[in-house]
Amino acid sequence: MGRKIKREQMLSKYTSIISKLPFVGENGEHISFEGHYICPLCLKSFEIKQNEDNIGDILTIEDVPPKSLGGTPCLLTCRTCNSQCGHKIDIFLLREVQYFDEKNDFAKPKKAILLKNDIKLNATFCSVNGENIIDINKNNDPRKIIDFKKSFSGKNGSSKFSVKVKKCDYQRNVHRAKVAALKTAYLLAFAKLGYHYILNENLDNIRQQILHPEQAVYADEYV
């Protein structure tokens, strides 16, 4: 199923729900949001009919958790929220997962440098069942690879060489990674419980934290 069809199905589902909600204005008058979609993050409403020609540019499919972490299409958020969350918080959740994967999973290939005499080669290193496996990258200078192999044979050949495993060099931000995890939990709750849940004003601080990760709305131990 294409993402366009999924978007249309999501719009049909959620606009139907919104049309049945009892919105009341400051003067007690009933306000109709029929034909609108409300972004669950910023709570901005978008009229579908007025924007039907470019609705795909305004409302984007949100993968929960992020697609890079195995998420699936779940709901719609406005393009502004989707884009800002992507580079402000979601990327740091991915980096945090990658960091701990590389740090703790010895079977996962890691970037490494092979050193022998004056020869330096880019390689990957991993350990499987106690056996170290080294693979020389193809993007090395072919002449260096030949010299490296020759250094093991001949009169002055030696089997000794050193391996330097590169440390994880991800730009990490633990606070923003936690905020991204908070966003995932919030959106999953919305997908299950709908607008009756997220339109609760008690969740305003959560939305504020998600949309403004540079602020510490909550102490880290509560995020």
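Let's start with Leu115, which sits in strand 7 (residues 110-116). Keep in mind as you look around that this is a predicted model. Leu115 counts as partly exposed, because its relative accessibility is 31%, a value between the cut-offs of 20% for buried and 50% for exposed.

Which residues does Leu115 touch, not counting residues up to four places away in sequence? They are Lys120, Phe161 and Ser162.

Now turn to helix 5 (residues 174-193) and helix 7 (residues 204-211), whose axes come within 9 Å and cross at roughly 130°. The two helices are therefore oblique to each other, and their crossing is left-handed.

Where they meet, helix 5 brings His175, Val179, Leu182, Lys183 and Tyr186, while helix 7 brings Ile206, Arg207, Gln209 and Ile210. Sorted by class, this contact has 5 nonpolar, 2 polar and 2 charged residues.

How many disulfides does the structure hold? The count is 0. Cys39 is in no disulfide, and the nearest cysteine sulfur, that of Cys42, lies 3.7 Å away. Cys39 is buried, because its relative accessible area is 0%.

Cys42 is in no disulfide either; the nearest cysteine sulfur to it belongs to Cys81, 3.7 Å away. With a relative accessibility of 31%, Cys42 counts as partly exposed.

Notes
Residues numbered from 1 in each chain as written. Predicted model: local features only at pLDDT ≥ 70, side-chain atom pairs only at ≥ 80, totals over all residues. Heavy atoms only, no water. Axes fitted to C-alpha atoms, helices over the stretch in contact; angles between N-to-C directions. Helix = DSSP H or I, 4+ residues; strand = E, 2+ residues; numbered from the N terminus. Parallel < 35°, antiparallel > 145°, perpendicular 65-115°, else oblique. Left-handed = near helix turned anticlockwise from the far one by under 90°. Contact = heavy atoms within 4.5 Å. Nonpolar A, V, L, I, M, F, W, Y, C, P; charged D, E, K, R; others polar. Buried < 20%, exposed > 50% of the residue type's maximum accessible area, 1.4 Å probe, protein only. Disulfide = S-S within 2.5 Å.
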